[in-house]
Amino acid sequence: MDSPSLIRKTAADLRVPPNWQDFGGERRAFSWDAARAGMAGLAGGGINIAYEAVERQARTLAGKTAFRFLSRSGPARDIGYGELARLTARFANVLRGLGVGKGDRLFVLAGRIPELYVAVLGSLRNGTVVSPLFSAFGPEPIATRVNLGAGRVLVTTDALYARKVAQWRDRMPTLEHVLLVAEEGGGTAVPGTLDLAALMAVAGDECPVTPTAAEDMALLHFTSGTTGTPKGAVHVHGAVVTHQATGRYALDLHGDDTFWCTADPGWVTGTSYGIIAPLLHGVTSIIDREEFDAERWYGILQEQAVTVWYTAPTAIRMLMKAGADIPRRYRFPQLRFIASVGEPLNPEAVRWGKEVLGLPIHDNWWQTETGGIMIANTPAFDIKPGSMGRPLPGIEAAIVKRQENGTVTVVDEPDVEGELALKAGWPSMFRGYLNAEERYRKCFAGDWYLTGDLARRDADGYYWFVGRADDVIKSAGHLIGPFEVESALMEHPAVAEAGVIGKPDPVVGEVVKAFVSLKAGFAADEALRMELLGHARKRLGAAVAPKEIAFLPALPRTRSGKIMRRLLKARELGLPEGDVSTLEAGA
Ligand code: ATP
Ligand code: MG
């Protein structure tokens with residue numbers, strides 16, 4: 001399917017020559033073995049994420065800023081590559097002093113403060129498995145995850161400990177050490193905890209990297225919980241090869257970039273691309289401690305002269321909702337590439353980027369399970385708005401159909417909807433769901449990893465997201481992807497967000513119902529409802545258009561910003577809400 005609104009790249013878009021210019025040539029020439037050989041590696045033949053990201057880089061970039069932390073409460077704090085190497089060595093020494101070593105599990109519960117980044121990289125350096133948690137999680141989801149991961153150590157702040165951990169401590173029997181960061185003046189003289197700053201102050205700056213092998217477990221990441229109870233995906237040190245390759249191809253990182261990944265490290269994007277990939281490319285990363293604020297964000301793009309920006313559809317929708325007047329007050333001529341992940345990016349949002357920010361937004365697709373970007377729109381290639389792009393070098397994707405006997409068949413023809421599958425074997429592929437072996441096995445059929453997402457591939461090899469397998473609506477013999485319906489509604493000027501579900505119906509199986517939140521200045525009245533129903537029918541045809549539209553002030557979302565259709569459905573049908581541990585507060 002060729003999109004009439006194709007966004008063509010011109011020479012002006014490419015003033016910085018993209019890392020990936022010859023689509024087929026690069027894909028043919030690429031091999032994971034060669035990519036692996038391009039990493040430093042450890043003396044004994046192993047590989048360690050922190051060694052590649054920090055130790056190796058500090059040798060040549062010691063004085064360069066690795067992370068710049070921004071907050072409302074004080075000046076920016078820069079940490080250079082050399083300082084990061086020293087701090088992570090100290091942190092690893094702190095762990096060694098406590099008898100915490102390779103394979104032990106450490107959780108971090110903190111906002112985007114320097115200590116979180118030091119703890120993650122210091123743990124990796126020590127061979128200790130690390131799992132960053134959303135700081136906004138409540139006590140229950142924290143305890144569930146720490147228990148599932150058998151956490152021995154927790155790094156957190158005085159305030160978070162008091163509010164969310166202290167009373168629950170006896171429900172986390174594996175937790176031996178709590179390292180406290182004095183954050184909000186609460187002090188660290190708290191029984192049962194250790195003062196991290198005090199331990200760091202007396203720890204040595206020298207600490208050899210613990211030898212780790214490519215298959216040693218490095219990170220434990222929980223999925224977003226959009227479709228059900230979050231799963232703990234196991235990732236290994238060898239994943240760093242994918243972090244490097246995808247930083248190069250999908251984010252087009254160049255050594256002189258100033259990069260801003262807006263994701264929190266409590267979600268895999270905030271670790272793979274908020275911590276690891278930018279360090280591998282020796283760039284300076286901007287890290288903002290504060291929550292979303294349109295004015296502030298445009299200010300950051302301007303003041304920090306961000307060149308590459310990686311964000312999410314939910315943030316883009318919020319910027320769109322905030323209107324075009326604010327960006328007009330800011331200038332960010334250095335910005336050269338914008339990418340987005342996490343949810344489908346409506347064509348409307350891609351075009352909005354081009355009009356209001358001066359650059360289109362490049363959608364890319366991946367999952368907690370894949371550990372890194374798999375399918376992407378990248379700087380050199382034309383964009384078909386609404387498509388998530390094409391597979392990166394080293395990634396073989398396909399549309400498959402599941403068979404009764406558990407095998408799959410690959411669909412060769414273009415434009416056929418089916419399940420998106422990836423040929424197993426890229427380095428950052430998850431190695432298991434923690435304590436759920438059976439569930440893990442079910443994700444594979446022969447060589448194929450089955451993603452649980454439905455998509456189609458067009459004749460040019462671009463992939464189009466249709467919906468989660470769980471969210472697809474079956475109505476009068478049609479399979480309807482919610483994304484298509486939501487995108488059509490988003491084209492209407494009144495619509496800020498749309499979430500679409502199938503509502504059981506005795507005649508047609510399911511009818512399409514849409515939940516819509518409006519932009520400021522529009523009234524949720526009957527006239528608008530009729531107008532939206534008409535608009536959708538004209539765009540989609542009667543068979544696919546929603547039969548019902550309900551207005552909500554905001555849609556329920558995960559803390560990583562994804563619309564929770566299962567919750568819209570459960571509430572509509574009066575069913576139990578299921579696991580809501582990742583639900584955004586107040587939603
Ligand atoms: P859970 O697995 O717990 O239900 P989740 O799938 O939302 O949660 P993540 O691993 O954070 O957890 O998200 C990956 C999913 O997000 C993908 O499987 C896909 O459904 C969706 N997604 C990510 N990027 C895109 C994109 N560019 N277009 C469409 N969907 C996307
Ligand atoms: Mg998932």
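**Charged side chains and their surroundings**

Author: Arg289 counts as partly exposed, at 31% relative accessibility; the term covers what lies between buried, under 20% relative accessible area, and exposed, over 50%, with a 1.4 Å probe and protein chains only. The model is a predicted one, in which local features need pLDDT of at least 70 and side-chain atom pairs count only at pLDDT 80 or more, while totals for chains, interfaces and linings use all residues. Residues are numbered from 1 along each chain as its sequence is written, chains are lettered from A and ligands numbered from 1 in the order in which they are written, and side-chain values use heavy atoms, with hydrogens and water left out.

The side chain of Arg289 meets that of Glu183 in a salt bridge of 3.1 Å, N to O. A salt bridge here is a side-chain nitrogen of Lys or Arg within 4 Å of a carboxyl oxygen of Asp or Glu. Arg289 lies in the loop between strand S11 (284–288) and helix H11 (294–303), and Glu183 in the loop between strand S6 (177–181) and strand S7 (194–195), so the pair ties together parts that are 106 residues apart in sequence. Helices (H or I, at least four residues) and strands (E, at least two) are DSSP runs, numbered from the N terminus. Glu183 is partly exposed as well, with a relative accessible area of 26%.

By the rule stated above, the count comes to 42 salt bridges. One of them joins Asp288 and Arg296 at 2.6 Å, N to O, and both of these residues are buried. Another joins Lys503 and Glu572 at 3.2 Å, N to O. This pair links distant parts of the chain, with Lys503 in strand S25 (residues 495–505) and Glu572 in helix H18 (residues 565–573), 69 residues apart. Glu572 counts as partly exposed, at 24% relative accessibility.

Salt bridges also form a network, which links Arg317, Glu343, Glu497, Arg557 and Glu584. Helix H12 (residues 313–322) is mostly covered, with seven of its ten residues buried. Just after H12, Gly323 takes a positive phi of about 95 degrees.

Which charged residue is buried yet has no salt bridge? That residue is Arg390, and the nearest side chain of opposite charge, Asp460, is 7.2 Å away; Lys and Arg count as positive and Asp and Glu as negative, with His and the chain ends not counted. Arg390 is found in strand S16 (residues 390–391). Leaving aside residues up to four places away in sequence, Arg390 touches Phe23, Met374, Ile375, Ala376, Phe381, Asp460, Gly461 and Tyr462, where contact means heavy atoms within 4.5 Å.

Helix H3 (residues 49–61) and helix H5 (residues 114–125) pack at an angle of about 120 degrees, with their axes 8 Å apart. Axes are lines fitted to C-alpha atoms, for helices over the stretch in contact, and angles run from 0 to 180 degrees between N-to-C directions. The contact is made by Ile49, Ala50, Val54 and Glu55 of H3 together with Leu121, Leu124 and Arg125 of H5.
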